[in-house]
Structures are given as C-alpha cells and as structure tokens.
Amino acid sequence: LIKCMSFCSSSFRLPVPKLEDTIRRYLNAQKPLLTDDQFRKTEELAHQFEKGIGRELHEQLVAQDNRNKHTSYITGPWFDMYLKAREPVVLNFNAFMSFNPDPKSEYNDQLIRATNMTVSALRFMKTFRAGYLEPEVFHLNPEKSDTQLFKKIIRFVPSSLSWFGAYMVNAYPLDMSQYFRLFNSTRLPKLNRDELYTDEKAKHLLVLRNGNFYVLDVIDRDGNMLKPSEIQAHLKYILSDNSPAPAFPLGYLSSENRDTWALLRKTLLDNGNEEALQKVDSAMFCLSLDDFPIKDFVHLSHTMLHGDGANRWYDKSFNLIITKDGTAGINFEHSWGDGVAVLRFQNEVFKDSTKAPAISPQSQPASVDSSRAVQKLDFKLNDALKEGITKAKQKFDASVEALSINMIQFHEGGKDLLKQKKVSPDAVAQLAFQMAFFRQYNQTVATYESCSTAAFKHGRTETIRPASIHTKKCSEAFVRELSKHSTEELHKLIVECSKYHGRLTKEAAMGQGFDRHLFGLRYLALSKGIALPDFYQDQAYARLNHNIISTSTLVSPAVQLGGFGPVVADGFGVGYQVHDDWIGCNVSSYPTRNGKEFLQCIYKSLEDIFNVLKGKK
C-alpha cells in the first residue's frame with residue numbers, strides 16, 4: 001500500500017493570482033450582470049483599486065503567504081468565514097449526499113445496513129489513522145496514471161518527490177489535510193466565532209433514535225474494533241428500546257443561531273451536563289436512526305438535508321443517517337472540510353459495506369449484555385433550557401416549512417452524447433441553468449459553481465462563475481430569437497459557451513479564479529483595521545456575491561443524489577449530476593422563488609440544447 005501521507009508533504013502551494021488577472025476575471029464576471037453605465041462605474045472602481053490600495057493589500061498578502069509556507073493564503077480567512085457566521089448551520093451551510101441502495105436488496109434492512117456501514121466507517125478511520133489510506137489522486141489522464149504500474153513506481157520515489165512523480169503523468173495527488181476532522185470532531189458554538197474540536201482518544205459512537213441520545217464504545221482498550229456481531233447487538237438494542245421521545249429534544253439546539261446556541265450551551269454546562277455533552281462532542285461520529293421509510297426522492301432530500309430536527313446533531317462533522325427501510329445518507333457540517341473529503345469517505349464506506357459486508361442477513365447478534373454497553377444520555381434541563389429548546393423547534397419548523405425541494409431527471413441524453421458532440425457536459429448543464437433563469441425571470445444573475453482546489457496544500461474551493469457574456473448571448477438566442485437563428489449558428493453558440501466554461505473550470509482548479517483572492521484581500525484590509533476600500537462598497541460587488549443560483553455537482557457510484565439549501569433567501573440551491581445517458585437535478589428554494597417552474601425551464605433548456613446538438617431544432 002502507498003502510505004497516505006507520502007504525497008501530502010510535497011504538494012504544491014495554492015498560488016496567489018496576479019492582481020491584474022484577478023481584476024480582469026472579476027470584470028468578465030460582472031459584464032453580463034450590469035448595464036453599460038453600471039459596468040463603466042464598476043470598471044473604474046476596479047482599476048483604481050488595482051493601482052492603489054488593492055496593490056498594497058496584494059503585496060502584503062503575498063508577503064504574508066511567503067511567511068506561511070505550511071499552509072495556504074485562504075485557510076485562515078475561509079475557516080473564519082464559516083466559523084464567524086452566526087446563521088444556523090442547518091439549511092445554510094450543511095449539505096447532504098445520499099448513498100445508493102445496497103445492490104443486494106436483503107442488505108438494505110436498517111439494522112444490517114447500520115451495522116455494516118458503521119463497521120466500514122471504522123475500518124476507514126483505522127486505515128486512515130494508521131497512514132495506509134491510498135492517497136486521493138485526481139487523474140487528468142487516467143489511462144496513464146490510474147494503473148498498477150504507476151502505483152508500483154510511485155512507491156519507490158522518495159516521499160518529498162512523489163508529488164512531482166505523479167505530476168509528470170498528469171495525476172494530481174489531492175491534499176488530505178481535512179480528513180482527520182471526519183472523526184471525533186464537532187463544531188462548538190461560541191459567541192462571535194465557533195471552534196472546531198477533535199478528540200482522537202474517544203472510542204465511542206453517538207447514536208440518535210427518536211430524539212434520544214445513546215453512546216457505546218466501538219473500539220476496545222487495545223484499539224481494536226468491537227466484533228461486528230457485538231455492534232449489531234448494541235444497535236439492535238437501541239432500535240428495540242421503546243423509551244418515549246423526549247419532551248424537549250436536545251437536537252434542536254444545534255439548529256439555532258450560533259450566538260443563541262452558545263449561550264444555551266453555557267447554561268447546559270452550568271446545569272450539570274458537562275459529561276454528557278463531552279460524550280456528544282468527542283464521539284467518532286453521529287449515527288442517526290430514523291423510524292420511517294423513504295417515500296420518494298423529494299422526501300429523501302428533505303430527510304437528509306434537515307430531517308425532523310430532533311434526531312440529528314448538526315454540529316457533528318457528519319451524521320450518518322439510516323432510515324427504517326435502510327436508505328442511507330450523510331449530512332455534513334461544512335466548516336471543517338469540503339465535499340472531496342466526504343465523498344472519498346462515502347465511496348470507501350459504500351464499496352466496503354457492499355463488497356465486504358461485516359454481517360449478512362443470516363448473522364446472529366452476539367449474546368452480550370447491551371444494557372451495560374449502551375448508555376442512554378440523560379440531560380438535566382432547567383426552565384431556561386426548556387424554553388430555549390421550544391423556541392429552537394419553532395424556528396426550525398418555520399424554516400423547514402418555507403423550504404421547497406423539487407427535482408427532475410432528463411433522459412434524452414447525458415455525458416456520452418455530449419462528449420461525442422465535443423462539448424463539456426458540465427458546461428451544458430450550467431448553460432441550461434442560465435437559459436432557464438433567463439426564460440423564467442428575463443435576466444442574468446450572479447451564479448456560483450463550486451470547484452475544489454485540493455490539488456494544492458490546504459486548498460479549499462474556488463468559484464467558477466458560469467454566467468458569462470457567452471451564456472447570456474446564447475440564452476437570448478434560444479429564448480427570444482430561436483426562429484432567427486439556424487441550427488448551425490445555435491450549435492456554434494453552445495460550443496463557444498463550452499470552451500469558455502472549460503477555461504474557467506481549469507483556471508479555478510489551478511487556483512486562478514478571482515473570488516478567493518478578492519476575499520483574501522478584503523479579509524486582510526479588515527484585519528488590519530484599514531477602511532474598507534470603495535471597490536468593496538460597490539453595489540455591483542455586493543450583487544455578484546449575492547449568489548442567486550448556487551450550484552454544485554458530483555457523480556459517484558456510491559451517491560444517489562446530493563443537495564443543499566439556497567445560500568440567499570431569494571435564491572436556488574442546485575445540486576446536479578450528469579450521468580452517462582441522463583441528467584439529474586434537484587433544486588431547493590424559498591417562497592420568493594418558484595423552484596418547480598425553474599426546473600421545468602431547465603428541462604426545456606436541456607431539450608433545446610440537445611435538439612440543436614442532434615441537428616434538430
């Protein structure tokens with residue numbers, strides 16, 4: 001096996017882009033959103049910034065970056081951005097990814113799947129901590145680098161050079177510095193800025209069922225995993241416990257405004273709950289067992305994105321959620337890490353639990369005394385805490401009530417056909433979102449697509465800005481002037497969008513976007529007590545960062561679908577997947593926007609694009 005960290009020590013550092021590149025890219029992103037007059041004003045402010053205070057801040061940022069070679073320039077500001085945010089984490093930051101069902105249907109029983117996935121999660125954790133997890137590698141040219149030979153050769157390269165060896169064959173080892181926060185970790189609410197807490201010595205699992213909290217050791221004194229049949233016995237015990245749901249379920253507190261929750265947490269601690277909270281915070285992870293089956297994909301999304309509020313602990317690095325019918329998913333807190341780390345964990349857990357399941361439907365639980373091994377946590381609540389929980393529940397219920405989730409599956413083509421037509425599948429999906437919004441609201445708005453920068457040491461994400469002058473021109477042609485254009489002309493417009501989107505994606509992945517750089521400069525100005533430059537006070541800057549269409553994509557054999565809430569009250573949260581022969585899309589929204597209609601417009605846009613690519617109109 002390749003040692004996990006052999007790659008990690010020499011990965012390249014995230015570049016600080018040149019200021020002139022950032023300003024140019026910023027203005028390109030602003031152009032489709034502004035009138036000519038507005039654009040001239042924004043352009044002027046941008047050039048003043050580039051020559052004046054922006055240049056000074058940029059030089060300070062570069063100097064600071066050179067002094068901190070152990071990390072990346074975005075790490076500190078990005079943690080702060082998440083941890084200083086006071087909005088509830090649920091719906092605003094936490095995202096979900098749901099697992100595909102086990103191909104063997106009899107393994108989708110709640111107890112069997114919960115046991116197998118828990119064991120697989122613990123195997124992953126032990127492999128990672130022992131340093132034997134294969135490094136995550138992004139293959140630009142899989143034929144060359146994703147081979148046994150490559151793995152053999154790279155094993156004999158000294159670790160300080162292994163990165164470069166992989167780089168030569170276009171395989172980028174991804175930064176894995178976030179992985180340690182997957183386990184025994186939680187986000188602690190504190191006034192003004194939360195803290196991330198990890199206790200790798202803890203050996204227990206937190207299980208939530210019916211709003212009740214249970215803990216049980218899953219690792220013994222010698223560091224070995226409990227026998228799967230014992231874990232099965234303990235989970236069976238929890239599933240058959242008929243204690244009533246608590247009158248004041250503690251889980252709701254983790255859905256509160258962070259300052260409110262910080263004060264309530266202090267009250268909890270002062271009220272004699274220190275030991276119980278310590279168990280919650282330090283647990284390996286949170287396993288949430290829900291007492292109902294899943295009705296359909298929309299119900300699945302609601303369950304995994306927020307659930308009922310009582311049977312989740314949203315502050316945990318992740319909740320592994322398993323419903324009555326064995327449907328499984330992960331809801332993860334976002335400050336500690338990004339989708340890449342969670343997806344790797346999910347892929348491994350899915351593969352291991354389906355290919356090498358620890359128990360089968362025929363397995364018998366061990367005959368152990370679960371009433372001694374499983375501890376039900378008891379929280380002492382005074383009136384202030386009871387009132388706090390009641391208020392948290394009211395707020396939670398109101399937020400969830402306002403959230404709509406809708407989805408479509410487009411079966412007239414997918415990745416295979418698009419590649420055959422030499423256009424980027426991701427570009428086509430993003431173009432469909434632009435065309436759809438233009439059809440529905442007759443405008444082009446700020447759009448965000450997340451891109452990982454994990455090819456760099458401590459990289460996080462960069463923003464791709466899919467709304468461009470190209471997508472705007474294409475949307476206008478398709479929506480307003482379809483009859484005026486020949487199929488060839490429309491085809492050409494799609495190809496132009498695809499090329500430009502491809503360029504933006506490559507730039508973002510290589511740390512050459514503009515969003516994080518501008519964010520870093522703004523953060524630096526504020527941290528030095530410098531008055532916020534006019535550039536940042538421009539309404540156009542605020543509008544560009546008010547992301548009405550927020551999008552994120554992933555395709556994996558383990559994942560059925562993923563999603564998240566809108567990032568602004570008048571926005572759409574778009575999770576999408578371009579499969580070989582179909583495209584899936586789920587959209588979250590609040591009452592000011594009509595998500596169902598938006599999806600109908602996306603469907604129509606995809607139809608129009610595919611027809612043109614197939615030579616029909």
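This is a predicted model: local features need pLDDT of at least 70, side-chain atom pairs count only at pLDDT 80 or more; totals for chains, interfaces and linings use all residues.

**Entry 1: a helix over the sheet.** I began with helix 18 (residues 425-441), which lies across strand 13, strand 15 (549-553), strand 17 (572-578) and strand 18 (583-589). Helix 18 runs at about 145 degrees to strand 17. For such angles I use axes fitted as lines to C-alpha atoms, for helices over the stretch in contact, with angles from 0 to 180 degrees between N-to-C directions. Contact here means heavy atoms within 4.5 Å. Helices (H or I, at least four residues) and strands (E, at least two) are DSSP runs, numbered from the N terminus.

Residues are numbered from 1 along each chain as its sequence is written, and side-chain values use heavy atoms, with hydrogens and water left out.

I also looked at helix 20 (residues 487-509), which lies across strand 13 and strand 14. Helix 20 makes an angle of about 160 degrees with strand 14.

Entry 2: In what order do the 6 strands of the open sheet come? I read 12-18-17-15-13-14, with mixed pairing. Two strands pair if DSSP finds at least two bridges between them. Strand 12 (404-410) and strand 14 (461-464) are the edges; each has a single partner strand, so one side of each lacks a neighbour in the sheet. On average, neighbouring strands of this sheet are turned by 25 degrees against each other, direction ignored.

At one end of my list, strand 13 (residues 447-452) and strand 14 run antiparallel and are joined by 4 bridges. Serine 452 has threonine 461 of strand 14 as its bridge partner.

**Entry 3: strand 17.** Is strand 17 enclosed or open, and why? I found 7 of its 7 residues buried (under 20% relative accessible area, with exposed over 50% and partly exposed in between, using a 1.4 Å probe and protein chains only). Strand 17 is therefore largely enclosed by the rest of the structure. Phe572, Val574, Tyr576 and Val578 point one way, whereas Gly573, Gly575 and Gln577 point the other way.

Next I checked the partners of strand 17. Strand 15 runs parallel to strand 17, with 5 bridges between them; isoleucine 549 is bridged to phenylalanine 572. Strand 18 pairs with strand 17 in the antiparallel sense over 7 bridges, and tyrosine 576 stands opposite cysteine 585. A hairpin of 4 residues links strand 17 to strand 18.

**Entry 4: helix 3.** Helix 3 (residues 36-51) has 16 residues and reaches 23 Å from first C-alpha to last, close to the 22 Å expected. The expected span is 1.5 Å times one less than the number of residues. Its buried residues are Phe39, Thr42, Leu45, Ala46, Phe49 and Glu50. Seen down the axis, they fall within an arc of 135 degrees, so they line one face of helix 3. That arc is taken from the directions from the helix axis to the C-beta atoms. Asp36, Asp37, Glu44 and Lys51 are exposed on the other side. The buried residues pack against several helices, including helix 2 (19-30), helix 4 (53-67) and helix 21 (515-527).

Entry 5: UniProt, in an unreviewed entry, lists His334 under "active site". Positions from that record are in the numbering used here, feature names are shortened, and annotations may be inferred rather than shown by experiment. I located histidine 334 in the loop between strand 10 (328-332) and helix 14 (339-355). Histidine 334 counts as buried, at 15% relative accessibility. Not counting residues up to four places away in sequence, histidine 334 touches Tyr82, Phe93, Asn94, Gly339 and Arg460.

Histidine 234 I found in helix 10 (residues 228-239), buried at 3% relative accessibility. Leaving aside neighbours within four places in sequence, its contacts include Leu216, Val368 and Ser370.

Entry 6: Strand 4 (residues 185-188) and strand 5 (residues 195-198) pair antiparallel over 4 bridges. Threonine 186 stands opposite tyrosine 197. Among the 6 residues between these strands, asparagine 192 takes a positive phi near 75 degrees.
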